[in-house]
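Subject: Structure for your review

Dear colleague,

Please find below the structure that I am handing over to you. A summary of what was found in it comes after the display.

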Amino acid sequence: MCGIVGYVGPRQAAALLMEGLKRLEYRGYDSSGIAVLNGQGLVVVKQSGKLSALEQQLTGRTPTGTVGIGHTRWATHGPPTTTNAHPHTDQSGKIAVIHNGIVENASAIRRVLEQRGHVMVSDTDTEVLAHLIGECYRGSLEEAVAEALREVDGAYGIAVISEDEPDVLVAARKGSPLLLGVGEGELFVASDASAILAHTRSVVYLDDGEMVVLTRSGYHVRDLAATRIEKPINQIEWDLATVERGGYAHFMLKEIFEQPDTVRDTLRGHLLEDEGSSRVSGLNLADDEIKQFNRIVITACGTSWHSALIGEYMLEELARIPVDVEYASEFRYRNPVVDERTLVIGISQSGETADTLAAIREAKRRGARTLGVVNVVGSTIAREVDGGIYLHAGPEVGVASTKAFTSQVIALALITLRFGRLRNLSILQGRQIIQALKALPEQIQDILDRAHQVEALAERYWRSNNALYLGRGVNFPVALEGALKLKEISYIHAEGYPAAEMKHGPIALIDENMPVMFIAPKDAVHGKIVSNMEEVRARGGQVIAIASDGDDLINRLAASTFTIPETLDLLTPILTIIPLQLFSYYVAVRRGCNVDQPRNLAKSVTVE
Ligand code: F6R
C-alpha cells in the first residue's frame, strides 16, 4: 500500500527519496512523486505508473535540495492518474503533503474550503488536507499541521514541507505506520523501515496521535495538543541483505525457499523438550491466567486468516478450548461476544493491517486479553497487544505471503503446546509434537529439492482458466490458501472448498477443463478424501493430488501427484502448502505475470 519517505540533512534529497521509494515498491502502488525544497522554492514532480516513469520525468532535471518528501500511491480516492499522485500542494503552492490512509470527512472539508475560494485539481482527500494545512498556516508549519489534523477524521500517515520553512519537515500518524530514522547528522521519516535501512538502523516508532518535527538541528515528538513526548530509539536487527533478492528471480521464490530457515527461526528458543511444552514468555500469561480463559477468538485477514483456521483445529484438538476464527473486518463491526475470559489473538504478518488492528482494539475495549502473532518487529499491532509471539521470519517482500504463513502456523503450534499442556495434552504427546516440529525444516527442504516436479505440473496446467482446491480437516484451510495464492499472482480464478462440500454445488463446475487440486496426505480423513476424488474422476475432472510419500492408491487415482514426507496430521499444512506455493509461482511466471507485485494488490493493507 502507499509508501512514505522523507529526508532532512546535508545530502541531496531527490536521490535518497527515489532510493527509498524503490525499497517500498514491494508494498504495491500505482503512481509516485517527490517534492524537494531547493533553496528558492518547492519543486514537485509526480507521475502515474511505475517508479521508472517518475525516473524518466526526473532525467536531466532532478531537483536539487536537501529537504524533501517522496510517495508511492495506491489509489483510494480517484483513479491512479498523475494529477491524483502525491505530493499535493495547498492553495499557495508553497506547502507539499504526502499521505497514506483515508481522510473520512474530506468531502465536508472540501466543501467548506471551496466556499472560501480554494480551487482543487485532483479527486484526492490528500489535496484537501494540503489545502486545510495551508488555511491553518500562520507562520508555523508545525502548528498548522497540528491544527489541521485536529479537524480530520480517519487514518493518516503524513509528511509535510513548506517553502516558507526550508529546513523543516513535519510528519504525523494516526492509524497508518510511520517512523523516524535517526542517522549521522541527518533524519528520515518512512512508512516502513526498509526505505531507510541503507542509511540508519536507529528508529523511533511513532504512535497514533503523535507528530514529529524534523529540523537540521534535531527532532522532537509531540501530540496534536503540543505536549512533548519522549520516545526511545530502537535498533532494527535485520539488514539490507535480508531484503534483497539474493540471486532468486523473484522475492516470492526466495521467500518460499527460505522456509526451512524461517520455520527454524520461529521455533528457536521456544521448545521445552523434557516438559513436552513450549516457552513463549512474550505471551505475558501466567499458567493460572491461561486456565481461566473459556474461549479463544482468532482474528485476521487473508492468508493470516487461513493460518488462524489451522490454529483453530490445533487448539481445539490439543488444548480442548473452544476457538472461533473471525475475519477482522467483520469482527470489528459486529457486536462480538467477548469478555475478560476471552483471549483474542490477532495474526498479522505486517502488524499494520487496518482491520486486524481495529479488531484488536475493539476486543481490548471489551475487556479481552489480546495476543499478537506478528512478523514485523515494532509494528503497531505488536505494540498494542498485551503479549504475543514474533515470527522472526525476516522481511516478507513478495506481496503474496508465503514464509509468514508457515511461521504463523508454527507460532500457533507453540501456543497450542503451552495451552495444551495446561489442559489436556500429555507429556508424551507434547514430546511427540516437538519431535515432529523439529523435523519440519528438513522435510520442507526435501520438498523444495523437488521443486522441478512442481514446475512440470505448472507446465501442464498453466493455461487453465479455473481451478478447484479441495481439502478436509486441517487441510481445508490449506485448500483456501492454495487457491488464494493461485488467484492473486496468476489471475486464474480458483476456489478452495472442504472436499465433501463439493457435492453441494461446486461439483456442477467439474468437467475435463477443470483441474482439481486435492490436498490429501495420509491422515485421519484419508479414506474420505479418496471417495471425493473418485467423484471428481467420475465427472471427467483432472485430479492433481498432494499426497504422502508412498501413497500408491492416490497415485493411481490422480492424473498428477506430488508427494510430501509424513508428519503428524495437525502439522501436515506446513508441508502441503509448500508445493501449492511453488505451483502458483511457476504458473504465474509461465503466464508472464508480475509475481512480486500483482495487479491491484498491496503488501500491507493499511486502509479499511
Ligand atoms: C495474501 C496476502 C494477504 C495478507 C492479508 C493480511 O498472500 O498476503 O491476504 O495475508 O492482507 O495481511 P497481514 O498478515 O499483514 O495482516
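The notes that follow go through the findings by topic.

Please bear in mind throughout that this is a predicted model.

The open sheet and its helices

An open sheet is formed by 8 strands, in the order β3-β2-β4-β1-β10-β9-β11-β15, with antiparallel pairing. Its edges are β3 (42-48) and β15 (234-235), each of which pairs on one side only. Between β3 and β2 (residues 31-37) there are 7 bridges, again in the antiparallel sense. Within this pairing, Gly33 has Lys46 in β3 as its bridge partner. Helix α1 (residues 13-24) packs on the sheet, where it touches β1 (3-8), β2 and β4 (67-73). The direction of α1 makes about 155° with that of β1. Helix α2 (residues 51-58), in turn, lies across β2, β3 and β4 and runs at about 140° to β3.

Strand β6 (residues 95-100) is largely enclosed by the rest of the structure, because 6 of its 6 residues are buried. In a regular strand, side chains alternate between the two faces of the sheet. Both faces of β6 are covered: Ile95, Val97 and His99 are buried on one side, and Ala96, Ile98 and Asn100 are buried on the other.

β6 pairs in the antiparallel sense with β5 (residues 88-89) over 2 bridges, and His88 stands opposite Val97. These two strands form a hairpin with 5 residues between them, and Gly93 in the turn has a positive phi of about 75°. β6 also pairs with β7 (residues 156-162), in the antiparallel sense and over 6 bridges; here Ile98 has Ala159 as its bridge partner.

The loop between β4 and β5 contains Pro87. The peptide bond that joins His86 and Pro87 is cis, with omega about 0°.

Aromatic pairs

The search of the whole structure finds 4 aromatic pairs. One of them is the tilted pair of Tyr248 and Phe257, with 5.8 Å from centre to centre and 35° between the planes. Tyr248 counts as partly exposed at 31% relative accessibility, and so does Phe257 at 22%.

Another pair, Trp305 and Tyr327, is stacked, at 3.9 Å centre to centre and 10° between the planes. This pair links distant parts of the chain: Trp305 belongs to helix α9 (residues 302-319) and Tyr327 to strand β19 (residues 323-327), 22 residues apart. Trp305 is buried, with a relative accessible area of 13%, whereas Tyr327 is partly exposed at 41%.

Charges over rings, and positive phi values

Lys50 lies over the face of Tyr29, 4.4 Å from the ring centre. Likewise, the charged end of Arg599 sits over the ring of Tyr491, at 3.8 Å from its centre.

Tyr491 also has a positive phi, near 65°, although this residue is not a glycine. Tyr491 is located in the loop between α16 (476-490) and β24 (493-498), and is partly exposed, with a relative accessible area of 27%. His392 is another residue other than glycine with a positive phi, of about 55°. His392 lies in the loop between β22 (387-390) and α13 (403-421) and counts as partly exposed at 43% relative accessibility.

With kind regards

Note on methods. Residues are numbered from 1 along each chain as its sequence is written. This is a predicted model: local features need pLDDT of at least 70, side-chain atom pairs count only at pLDDT 80 or more; totals for chains, interfaces and linings use all residues. Side-chain values use heavy atoms; hydrogens and water are left out. Two strands pair if DSSP finds at least two bridges between them. Helices (H or I, at least four residues) and strands (E, at least two) are DSSP runs, numbered from the N terminus. Contact means heavy atoms within 4.5 Å. Axes are lines fitted to C-alpha atoms, for helices over the stretch in contact, and angles run from 0 to 180 degrees between N-to-C directions. Rings of Phe, Tyr and Trp (its six-membered ring) pair if their centres lie within 6.5 Å; planes under 30 degrees apart count as stacked, over 60 as edge-to-face and the rest as tilted. Buried means under 20% relative accessible area, exposed over 50%, partly exposed in between (1.4 Å probe, protein chains only). A charge sits over a ring if NZ of Lys or CZ of Arg is within 6 Å of the ring centre and within 35 degrees of the ring normal.
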